[in-house]
Amino acid sequence: DLMVIKDCLGPSLDPSADEAVGTKVGFDCTKPAPPVQFPRRLRVPTEVMDSVKLEDFIPQDRLLKIPYEPYG
């Protein structure tokens, strides 16, 4: 599960934040209990990765300040 909280106070060094105000995200990564089968490794489907564009969420000037490492 995923929880998104907008307009939170955060670290002033976060290049994606607007004067230390940004969005925080929480993940519930609880693995289902047996007998439910759960894959050992999960992957985000390629079509989802290809459809998400950070520019739609983060202005270009801030995006350029964020270190980037290719997914994979």
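Colour the protein chain from the N terminus on and the elements run β-β-α-α. That comes to two helices and two strands, where helices (H or I, at least four residues) and strands (E, at least two) are DSSP runs numbered from the N terminus. Before you click further: this is a predicted model, where local features need pLDDT of at least 70 and side-chain atom pairs count only at pLDDT 80 or more, while totals for chains, interfaces and linings use all residues. Residues are numbered from 1 along each chain as its sequence is written, and side-chain values use heavy atoms, with hydrogens and water left out.

Zoom out to the whole chain. Its C-alpha atoms fill a box of roughly 45 × 25 × 20 Å along the principal axes. The radius of gyration is 16 Å, whereas a compact globule of 72 residues would have one near 11 Å; the value is taken over C-alpha atoms, and the globule rule is 2.2 Å times the number of residues to the power 0.38. Buried residues make up 8% of the 72, with buried meaning under 20% relative accessible area, exposed over 50%, and partly exposed in between (1.4 Å probe, protein chains only).

Next, select Asp7, in strand 1 (residues 2-9). Its phi is near 55 degrees, a positive value in a residue other than glycine. Is Asp7 buried or exposed? Asp7 counts as exposed because its relative accessible area is 66%.

Now pick the cysteines. How many disulfides does a search of the whole structure find? The count is zero, a disulfide being a pair of cysteine sulfur atoms within 2.5 Å. Cys8 is in none, and the nearest cysteine sulfur, that of Cys29, is 18 Å away. Cys8 is buried, since its relative accessible area is 17%, while Cys29 counts as exposed at 69%.

Move to Lys24 in strand 2. With a relative accessible area of 42%, Lys24 is partly exposed. Show its surroundings and you'll find that Lys24 touches Met3, Val4, Ile5, Cys8, Leu9 and Gly10, leaving aside residues up to four places away in sequence; contact here means heavy atoms within 4.5 Å.

Follow the chain into the loop between strand 2 and helix 1, where Pro35 is found. Check omega from Pro34 to Pro35: the peptide bond is cis, with a value near 15 degrees.

Arg43 is in the loop between strand 2 (21-27) and helix 1 (46-51). Arg43 is exposed, at 54% relative accessible area.

Last stop: Val44, in the loop between strand 2 and helix 1 and partly exposed at 39%. Select Val44, Val48, Met49, Val52, Leu54 and Phe57 together, and you have a nonpolar surface patch with about 540 Å² of accessible area. Patches are made of residues with over 30% relative accessible area and no salt bridge, joining like charges within 9 Å and nonpolar side chains (Val, Leu, Ile, Met, Phe, Trp, Tyr) within 5 Å. A salt bridge is a side-chain nitrogen of Lys or Arg within 4 Å of a carboxyl oxygen of Asp or Glu.

Key. Accessible areas come from the Shrake-Rupley method with a 1.4 Å probe; for residues, only the protein chains shown count as cover.
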